[in-house]
Amino acid sequence: MHYVIYGAGAVGGVIGGNLHRAGSRVTLVARGAHLEAIRERGLVLDTEAGPLTLDVDTAANAGEVEWTEDTVVMLCVKSQQTAAALEDLQRHAPPSTPVVAVQNGVANEATILRVFPRVYSICLVPPASHLEPGVVVQDSATAPGVLEVGRYPGGSDELAVAMAGDLEAAGFVASAREQVMAWKYRKLIANLGNGVGASFVDDESAVELTRLARLEGESVLAAAGIQLVSAQDDLDRRGDHIARRGHRKSAAAGSSTWQSISRGVGNVEIDYLSGEIVMLGRLHGVPTPVNEHVQQTTSRLARERLAPGSVDAAPFLASVSGAV
Ligand SMILES: NC(=O)C1=CN([C@@H]2O[C@H](COP(=O)(O)OP(=O)(O)OC[C@H]3O[C@@H](n4cnc5c(N)ncnc54)[C@H](OP(=O)(O)O)[C@@H]3O)[C@@H](O)[C@H]2O)C=CC1
Ligand SMILES: CC(C)(CO)C(=O)C(=O)O
């Protein structure tokens with residue numbers, strides 16, 4: 001298989017780097033200073049055992065990729081970047097190319113299906129960071145990640161099994177799943193903590209805000225009749241496969257959303273995380289004041305390029321006390 005990793009940031013860099021190390025053919029699609037650094041010095045994959053410098057093929061866009069019968073695209077950009085990436089892929093990739101949404105949120109798969117008929121999804125718990133051009137950090141000291149692989153909207157097939165096999169060979173804990181979206185909706189509930197960790201001061205009020213955001217999320221998914229794996233099954237699956245490295249304080253403080261705010265890129269994925277619950281709440285008549293507040297606060301921090309973890313959650317909690 002030839003894996004085109006479209007968006008070689010934290011997740012793409014760690015998955016692409018490890019697939020490359022395991023002998024799979026990999027092309028990293030990257031841009032800007034990150035692309036320049038990889039081209040000059042190779043991709044630096046920072047692991048618990050030390051940094052590895054990997055000589056991986058690169059492309060600046062889909063037009064520079066060598067498209068073959070066995071090429072699979074792993075789309076690893078943030079959800080707000082999916083539309084632009086797809087526009088480029090639509091121009092250059094054969095329509096039969098399988099495209100895998102290796103992303104948080106649950107909206108990317110349907111967006112890809114408008115353009116490519118063979119859509120797959122990966123539910124991922126890496127964790128990984130990318131804060132410096134040319135460098136991606138594998139934040140887990142043990143397996144680089146736990147991955148569920150499946151076809152969208154449902155089912156599994158030979159390709160899903162083959163991808164899970166390649167990922168296992170690259171050190172991940174990976175399985176092909178019949179209902180990958182049930183895993184992704186459970187992950188969405190976990191990701192309702194992303195905006196809190198990215199925007200609010202790390203204190204007891206933030207912990208409470210995350211708890212309320214997730215309760216709200218569970219109510220909305222129940223009202224919408226969406227099936228998701230249980231929290232216990234998710235916990236059991238993760239087991240002790242992932243051990244966060246010392247530099248990474250917690251899952252939410254340091255999350256992919258925190259990294260966007262921290263890098264001051266001016267945009268953030270929150271409309272596809274907290275915003276997904278807000279949208280479903282509006283469709284199904286369930287009020288979502290907590291997720292709306294997290295979504296709006298995180299969007300503002302990104303837009304105004306403010307410091308991560310700088311907003312006090314207590315005044316909002318006091319204002320909704322008894323109402324949620
Ligand atoms: N980081 C983590 O620990 C986890 C992340 N995820 C999910 O994985 C997905 C990816 O997140 P993450 O890896 O953190 O994000 P990153 O921002 O680290 O990586 C995305 C990369 O794609 C690049 N990119 C975006 N658009 C293009 C384009 N058109 N052409 C070339 N390069 C492009 C970005 O460049 P630029 O910086 O210039 O925009 C960036 O380098 C998200 O959905 C996230 O929620 C899931 C679990 C854990
Ligand atoms: C669960 C978590 C926080 C793991 O890194 C994640 O999905 C993210 O960073 O977006």
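**Entry 1: the labelled span.** I looked up residues 4-153 first: their end C-alpha atoms lie 22 Å apart, and the span is 26% helix and 34% strand. Helices (H or I, at least four residues) and strands (E, at least two) are DSSP runs, numbered from the N terminus. The label comes from UniProt, where an unreviewed entry lists residues 4-153 as "domain: Ketopantoate reductase N-terminal". UniProt positions follow the numbering used here, feature names are shortened, and annotations may be inferred rather than shown by experiment.

Housekeeping: this is a predicted model, where local features need pLDDT of at least 70, side-chain atom pairs count only at pLDDT 80 or more, and totals for chains, interfaces and linings use all residues. Residues are numbered from 1 along each chain as its sequence is written, while chains are lettered from A and ligands numbered from 1 in the order in which they are written.

**Entry 2: two domains.** I see the protein divided into domain 1 (2-178) and domain 2 (184-320), with bounds that come from an automatic or database domain assignment. Their centres, taken over C-alpha atoms, are 23 Å apart. I found 23 residues of domain 1 in contact with 26 residues of domain 2; contact means C-beta atoms, placed from the backbone, within 7 Å. On the domain 1 side, the elements giving two or more residues are S8 and strand S9 (128-132).

**Entry 3: the sheet.** In what order do the 8 strands of the open sheet run? I read S5-S2-S1-S6-S7-S8-S11-S12, with mixed pairing. Pairing takes at least two DSSP bridges between two strands. Neighbouring strands are turned by 25° against each other on average, direction ignored. Axes here are lines fitted to C-alpha atoms, for helices over the stretch in contact, and angles run from 0 to 180 degrees between N-to-C directions.

At one end, S2 (residues 25-29) and S5 run parallel, joined by 3 bridges, and Leu28 stands opposite Thr58. Helix H6 (residues 180-191) packs on the sheet, touching strand S8 (119-125) and strand S11 (146-151), at about 40° to the direction of S8.

**Entry 4: Gly7.** I went to the loop between strand S1 (2-6) and helix H1 (10-21), where Gly7 lies. Is Gly7 buried or exposed? Gly7 counts as buried because 24 other C-beta atoms lie within 10 Å; the cut-offs are 20 or more for buried, 12 or fewer for exposed and partly exposed in between, with C-beta atoms placed from the backbone. Beyond four places in sequence, Gly7 touches Gly12, Val29, Leu75, Cys76, Val77, Gln81 and Ala85. Ala85 is 78 residues away in sequence, yet 8.6 Å away in space, C-alpha to C-alpha.

Entry 5: Beyond four places in sequence, the contacts of Ile5 include Val26, Leu28, Met74 and Cys76.

**Entry 6: H11.** Last stop is helix H11 (residues 274-284), whose buried residues include Ile277, Val278 and Leu280. Among the elements covering the buried residues of H11 are H6 and helix H8 (204-223). Just after H11, I noted Gly285 with a positive phi of about 70°.

How values were computed. Contact = placed C-beta atoms within 7 Å.
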